[in-house]
Amino acid sequence: MPKDSHSEFRTVRGYQKLNQQAGQLTPALEDYLEMVFRCCETNKYTRVGKIAELLNVTPSSASKMVFKLTNLGYLKYEQREIILLTDSGREAGAFLLKRHNTIERFFKLIGIRDSLEETELVEHSLNRHTVKHLEVLLNFFKESPSTANNLNEFQKRALR
């Protein structure tokens, strides 16, 4: 097979390793940072126990991940288990939540019923550029309800 000069095939894990080498967070760290951001949006801070509860993990697992995110500069971990976002944590967390919401909206648009699970499984593999294009597509359908209806009708016929 001729080698394409613009890309090389890799396994999913291979792409993840490349991203980690480029300083990107692992999918697990992204999940924790997104949840911390969600909690801090309303309360300004959160705690390890709350994060563990919301992500259905043990407090010790949550604590380890919080320390990793703290060491990477995304969080401040203070006395009495108080977790605060740094500026870079707030910026990254905002993107992670936006990415999550965009993908979930897309899945709902195309008729996926359990869009939360699908979103959780897919979101880590999409970069900012791809998310932006999904946002444009979603906005197109929002501004063109008749086109969205046409898609819906087409799906009904095609998925029988």
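What percentage of the 160 residues in the protein is buried? In this predicted model, buried residues make up 33% of the 160. Let's walk through how the chain is arranged and then look at some individual residues.

**Overall layout**

The protein contains eight helices and three strands. Read from the N terminus, its elements follow the order α-α-β-α-α-β-β-α-α-α-α. Along the principal axes, the C-alpha atoms fill a box of roughly 55 × 45 × 25 Å. If you are thinking about contact order, take the contacts between residues at least 6 apart in sequence: 54% of them join residues at least 24 apart.

Helix H2 covers residues 27-43. Its 17 residues should span 24 Å at 1.5 Å a residue, and this agrees with the model because the end C-alpha atoms are 24 Å apart. The buried residues of H2 are Leu29, Glu30, Tyr32, Leu33, Glu34, Met35, Val36, Phe37, Cys39 and Cys40. Their cover includes strand S1 (46-47), helix H3 (48-55), H4, strand S2 (75-78), strand S3 (82-85) and helix H5 (87-109).

The largest nonpolar core has 29 residues, and those touching the most other members are Leu33, Ile51, Leu69 and Leu75. At least two residues of this core come from each of H2, H3, H4, S3, H5 and helix H7 (128-143). H2 supplies the largest share, eight residues.

Which residues does leucine 75 contact, leaving aside its neighbours within four places in sequence? The partners of leucine 75 are Leu33, Val36, Val66, Leu69, Thr70, Ile83, Leu84, Leu85 and Thr86. Two of these, Leu33 and Leu69, are also on the list of core residues that touch the most other members.

**Helix H4 and alanine 62**

Helix H4 has 13 residues, and the distance from its first C-alpha to its last is 18 Å, close to the 18 Å expected at 1.5 Å a residue. Its buried residues are Ala62, Ser63, Met65, Val66 and Leu69, and they pack against H2, H3, S2 and S3.

Alanine 62 sits in this helix, which runs over residues 59-71. With a relative accessible area of 0%, alanine 62 falls under the 20% cut-off and is therefore buried. Not counting residues up to four places away in sequence, alanine 62 touches Tyr32, Val48, Ile51, Ala52 and Val57.

Threonine 46 belongs to strand S1. Apart from neighbours within four places in sequence, threonine 46 contacts Val36, Cys39, Cys40, Ile51, Glu81, Ile82 and Ile83.

Most residues other than glycine have a negative phi. Lysine 44, in the loop between H2 and S1, has a positive phi of about 70 degrees although it is not a glycine. Asparagine 56, in the loop between H3 and H4, is also not a glycine, and its phi is positive, near 55 degrees. Just after H4, glycine 73 takes a positive phi of about 90 degrees.

| Residue | Relative accessibility | Class |
|---|---|---|
| Alanine 62 | 0% | buried |
| Threonine 46 | 4% | buried |
| Lysine 44 | 66% | exposed |
| Asparagine 56 | 71% | exposed |

**The second largest pocket**

Which residues line the second largest pocket? Its lining consists of Asp31, Glu34, Met35, Arg38, Leu55, His100, Leu116 and Glu120. Helix H2 and helix H6 (115-122) are the elements that give two or more residues to this lining, and H2 gives the most, with four. By class, the lining has three nonpolar, one polar and four charged residues. The space in this pocket is about 180 Å³.

Conventions
Residues are numbered from 1 along each chain as its sequence is written. This is a predicted model: local features need pLDDT of at least 70, side-chain atom pairs count only at pLDDT 80 or more; totals for chains, interfaces and linings use all residues. Side-chain values use heavy atoms; hydrogens and water are left out. Buried means under 20% relative accessible area, exposed over 50%, partly exposed in between (1.4 Å probe, protein chains only). Contact means heavy atoms within 4.5 Å. On a 1 Å grid over the protein atoms alone, a cavity is a set of points where a 1.4 Å probe fits but cannot get out, and a pocket is an open set with protein on both sides within 12 Å along at least five of seven lines; lining residues have an atom within 4 Å of a point. Grid points are joined across faces, edges and corners, and a volume is the space filled by probe spheres set on the points. Ala, Val, Leu, Ile, Met, Phe, Trp, Tyr, Cys and Pro count as nonpolar, Asp, Glu, Lys and Arg as charged, and the others, Gly among them, as polar. The expected span of a helix is 1.5 Å times one less than its number of residues. A nonpolar core is a set of buried Ala, Val, Leu, Ile, Met, Phe, Trp, Tyr and Cys residues joined through side-chain atoms within 4.5 Å.
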